[in-house]
Amino acid sequence: MTAAVHPQPASEWPDVHGRFGPYGGRYVPETLVEPIEELERAYSAAQADDTFLSAFAHLLKTFAGRPTPLDFAARLTEHLGGPRIYLKREDLLHTGAHKINNCIGQGLLALRMKKPRVIAETGAGQHGVATAAVCARLGLECCVYMGTEDMERQGLNVGRMKMLGAAVTPVDSGSRTLKDAINEAMRDWVTNVRTTHYLLGSVLGAHPYPRMVRDFQSIIGCEAREQILEAEGRLPGTLFACVGGGSNSIGLFHAFLSDSGVRMVGVEAGGRGTHLGEHAARLAAAAGYTGARPGVLQGTYTWVLQTDAGQIATTHSVSAGLDYPAVGPEHAWLADRGRAEYTAVSDEAAVDAARTLSRTEGILCALETAHAVAELIRRAPTLSRDSAVILNVSGRGDKDMATLARHL
Amino acid sequence: MGGLERNARTRIGRRFDELRHAGDLGLVAYITAGDPSLDATSRIVLAAAEAGADVVELGVPFSDPLADGPVIQRASERALKSGATLSGVLDLVRTIRQQSQVPLVLFTYFNPVIQLGLDTFATRAQSAGADGALVTDLPPEDSADYRAALRSRGLDTIFLAAPTTGDERMRLIASVSSGFLYVISRTGVTGERDALAEELPALLRRARAATALPLAVGFGISMPGHVSVLGGLADAAVVGSALVAEVERACSADEAASNVAARIRVLKQAGLRGMSRREAAAAERGSET
């Protein structure tokens, strides 16, 4: 198998207004509307342009290292007594996470739109590092916004971004995490919009970002679907992925949406409790997490953790990449329709799961990924012993060593 | 003209009619509500109206003000810390209205309005005595329900036009706006700047060609020189961060009110000198034909 262009899975969503059912849309200051329309036109044209698509496929293969393996986790399977667990190894990609898929796509788009400058936000630092690497590769100027709390807990990635030539701008407002980094990136964008492309890292923000980032990430599921059919001769029973904004999960899920027998489980950050402020679980109300309602944050209408008066709440997670009060609008729509289910696991369960995966499979995964691992471990006894499941290892855990060291 | 008749329904439209007749450039004053307390805001707004502000925009504090620069970000944080909510700001409108007929616009991000409910927001705004609203992150395309809720209560819906807005879109924005059209002077967030954007006159001519609505120009306007050059090009200047910075610097609500009032007097004077009576008369004749 090669990283050749995979056909996009047919999707009726979003509609022409950028809506996934009631969710999505384009709630941005007027200054950004026409530039976003320009981006939408450029993206549509690029999708129909073989030159663009082959440049994308080429960089995914030679620069990022696609395709990534689908790795049978024999010892974890044995440890849990089934199901048959397959790991989609996005952690093996260049820069260490799935983020690079989207960065290559949008970086090429920035070149195409003749925008010499790229800005990005980052939480865990993985999107920032991937953006910095792609910008260096393509000769684009790069500025990354990062909350000061995140800079503290992901110091390694700050150094990597600087080494790759990016300017890292600390953001000291609000909760000093991902949400505030996005606010600051949007302020930069509204100021420098004529020369600058905002390389948003997840399936968030105004239309067309949720669709565009999903499309660039859908390579994960396209590969995984072919790989599982080859390995097992059948489709998996369940997919597991963590959900911050939701790009690695939508990337895995999307190719399987019309396979009605495939269940999909998105795992949010349960943090240290179920009350507002203690977690970052937007769609896991069924699991007892409170404080989320539909609302508008940073360009899109979706489920948002907020106060009764509509102020955005602070969130908590041991994992910087999941520590965000809103979820991608397509996930909200999948949840409404019952096509995917969403739950959350605690900080503690995630750290335990990271340890288990490390010791059974020799894979030190990111704390974000560890949330999905924890849910898989929790559900394993309820799943058919002979069924196959795929878990997306969205990233590797080197960046989390400072946090994990406290739990050794 | 339809646009002007529609304006005449609210205090905003009537005030702009008066300004056009007199040939004066109007002054729109933005104040973050609840900074440092709703009681202080009430005193500041009354002082601003007394000093000559033609319209007052009450900024509803929001946790994530992504269109605002550092001055208004800090003001929003102080206001939220003091417990201000959209509901509290609507009560503030009622308090102010009992003492002043100054036109009042609620200037907000969309999420607090959604959570209160569009109909509740419009009903309470109307009953408290507000004249209109402006939602920073609500473009015309997604605003049908919002506009229906406000218009049915006789409230103006003010939208923003930006330097990146093309001519066709400018007409779309004007068609959903009432009261006035808020023209953003330059790409960027709110905040004081030394000079106005060079592209501003061309932008205002494009806006003028798109609509008969009054044009109010904001973002980066803080000095008398900024205001006086707008004469003949626009109907009003919007001053925000410069006033909010006065509130931030002041040691008490009384000092804030008197410093804001002093600033407004200076800016208003610059506006009076900016547009000659003859230009105003020409504009008036133009709008009648």
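**Cavities in a predicted model**

The largest cavity here has a volume of about 340 Å³. A cavity is a set of points, on a 1 Å grid over the protein atoms alone, where a 1.4 Å probe fits but cannot get out. The volume is the space filled by probe spheres set on the points, which are joined across faces, edges and corners. This is a predicted model, in which local features need pLDDT of at least 70, side-chain atom pairs count only at pLDDT 80 or more, and totals for chains, interfaces and linings use all residues. Residues are numbered from 1 along each chain as its sequence is written, and chains are lettered from A in the order in which they are written.

**Largest cavity**
- Two or more lining residues come from each of β5 (117–122), α5 (126–138), α8 (178–192), α11 (247–253) and α14 (367–379) of chain A; helices (H or I, at least four residues) and strands (E, at least two) are DSSP runs, numbered from the N terminus.
- Domain 1 (19–64 + 99–214) and domain 2 (70–95 + 218–407) of chain A each give at least three residues to this lining, with bounds from an automatic or database domain assignment.
- By class, the lining of the largest cavity has 10 nonpolar, 17 polar and four charged residues; Ala, Val, Leu, Ile, Met, Phe, Trp, Tyr, Cys and Pro count as nonpolar, Asp, Glu, Lys and Arg as charged, and the others, Gly among them, as polar.

**Second largest cavity**
- The second largest cavity has a volume of about 130 Å³.
- Of its 17 lining residues, Y182(B), T190(B), F219(B), G240(B) and S241(B) lie nearest the centre.
- In chain B, β9 (236–239) and α12 (241–249) each give two or more residues to this lining.
- The lining of the second largest cavity divides into nine nonpolar, five polar and three charged residues.

Technical notes. Side-chain values use heavy atoms; hydrogens and water are left out. On a 1 Å grid over the protein atoms alone, a cavity is a set of points where a 1.4 Å probe fits but cannot get out, and a pocket is an open set with protein on both sides within 12 Å along at least five of seven lines; lining residues have an atom within 4 Å of a point.
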